[in-house]
Amino acid sequence: MRLRIAHEIVATFEPPAAGIIRKLRMTPRTFDGQYVGSWRIDVDADCRLDRVQDAYGNVVHTFSLGGPIASLAIVATGEVEVDDTAGVLPATARERLPPGLFRRSTPLTEVDEAIRTLAERTRNAGPGLLDRCHALKSLLHAEFKHRDSAPNAAIDPAGRPAAAVLAAGEGDCADVAHVFIAASRAMGAPARIVCGYIFRGDRRDAGAAEHTWAETYVDGLGWIGFDATLDRCPTDAYVRIATSLDKSGACFLRGADLGAAQATVNCRAMITQADI
């Protein structure tokens, strides 16, 4: 499926900021199954975007501006063609870190007794880890109250710990992904978060196309995506942007503002199917 994406982040500062620093993870990578035809990031200010890859292999653009700055607009636009790989991340994605590193716990994915119990509930699902992960995905989908993400959730590195999300029994896609990751690690498997976009074919495509899901490493297959919010593995409707141990390291934007300015941020991500 060929998809067109436009992701706009607009910030206003009151009073104007004395300076800002921004780190953007808003650029997809090309590998078998995901082909970036065109992509650009525009900033409505005179600045230079420095492009690097972070430790996880994500494309990162950074820039800084001196003030006074009353407003700032960042727009990422492009076209990506995606194949349905049944959720399997092809080896050509060129992973930079060994899978074992993703067994590491973080404040958002710490395992408590309730998460261990959740992981144990999948033990009879089948003979291997893949069967257990599919069972976990369906279990979280069936037993959680799923809600849409807040308008600016995709650019907010903060989140609720997996244990708190599980206790509440409700959450958005990032919350549910953190629970899935924690439970996967409780099974002894490497797991991580993925931030990107999804084409749903409904009203959310016109402004809330950001999405978050989880990946677990299965020996013999590699990284497999699991979207417990929708009870499926990623398809050709998913565009993969960034990955990390948890949401804090994979969200679209991070930064700092200088001075006493209070920032008001509005985020809008639109996606359309380009080949119809």
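1. The second largest cavity in this predicted model has a volume of about 40 Å³. Its lining is made up of Cys 173, Val 176, Ala 177, Phe 180, Thr 212, Trp 213, Ala 214, Phe 226, Asp 227, Ala 228 and Thr 229. By class, the lining has 8 nonpolar, 2 polar and 1 charged residues.

2. Across the whole structure, the search finds 2 cavities of 30 Å³ or more. Two or more lining residues come from β8 (210-218) and from β10, with β10 giving the most, 3 residues. The lining of the largest cavity divides into 9 nonpolar, 6 polar and 4 charged residues.

3. The largest pocket has a volume of about 420 Å³. Of its 25 lining residues, Asp 148, Ser 149, Cys 173, Arg 200 and Glu 210 lie nearest the centre. The elements that give two or more residues here are α4 and β8; β8 gives the most, with 3 residues. In this lining, 11 residues are nonpolar, 6 polar and 8 charged. Cys 173 is named in the lining of the largest pocket and also lines the second largest cavity.

4. The second largest pocket has a volume of about 230 Å³. It is lined by 14 residues, with Arg 22, Ile 155, Leu 253, Gly 255 and Val 265 closest to its centre. Two or more residues come from each of β1, β4, β11 (253-258) and β12 (262-273). The largest share, 5 residues, belongs to β11. By class, this lining has 10 nonpolar, 1 polar and 3 charged residues.

5. Helix packing: the axes of α2 (residues 129-143) and α4 (residues 173-186) come within 11 Å and cross at roughly 145°. The crossing is right-handed. From α2, the residues in contact are Cys 133, Leu 136, Lys 137 and Leu 140; they meet Val 176, Val 179, Phe 180, Ala 183 and Ser 184 in α4. The contact consists of 7 nonpolar, 1 polar and 1 charged residues. Val 176 and Phe 180 take part in this contact and also line the second largest cavity.

6. Backbone, peptide bond: Glu 14 and Pro 15 are joined by a cis peptide bond, with omega about -10°. Pro 15 is found in strand β1 (residues 2-27). Most peptide bonds are trans.

7. Backbone, Ala 86: this residue has a positive phi, near 60°, although it is not glycine. Ala 86 is found in the loop between β4 (59-82) and α1 (113-120). Its relative accessible area is 54%. Because exposed means over 50%, Ala 86 counts as exposed.

8. Backbone, Asp 231: phi is again positive in a residue other than glycine, near 55°. Asp 231 has its place in the loop between β9 (222-226) and β10 (238-244). At 28% relative accessibility, Asp 231 counts as partly exposed. Most residues other than glycine have a negative phi.

Note on methods. Residues are numbered from 1 along each chain as its sequence is written. This is a predicted model: local features need pLDDT of at least 70, side-chain atom pairs count only at pLDDT 80 or more; totals for chains, interfaces and linings use all residues. Side-chain values use heavy atoms; hydrogens and water are left out. Helices (H or I, at least four residues) and strands (E, at least two) are DSSP runs, numbered from the N terminus. Buried means under 20% relative accessible area, exposed over 50%, partly exposed in between (1.4 Å probe, protein chains only). Axes are lines fitted to C-alpha atoms, for helices over the stretch in contact, and angles run from 0 to 180 degrees between N-to-C directions. A crossing is left-handed if the near helix is turned anticlockwise from the far one by less than a right angle, and right-handed if clockwise. Contact means heavy atoms within 4.5 Å. Ala, Val, Leu, Ile, Met, Phe, Trp, Tyr, Cys and Pro count as nonpolar, Asp, Glu, Lys and Arg as charged, and the others, Gly among them, as polar. On a 1 Å grid over the protein atoms alone, a cavity is a set of points where a 1.4 Å probe fits but cannot get out, and a pocket is an open set with protein on both sides within 12 Å along at least five of seven lines; lining residues have an atom within 4 Å of a point. Grid points are joined across faces, edges and corners, and a volume is the space filled by probe spheres set on the points.
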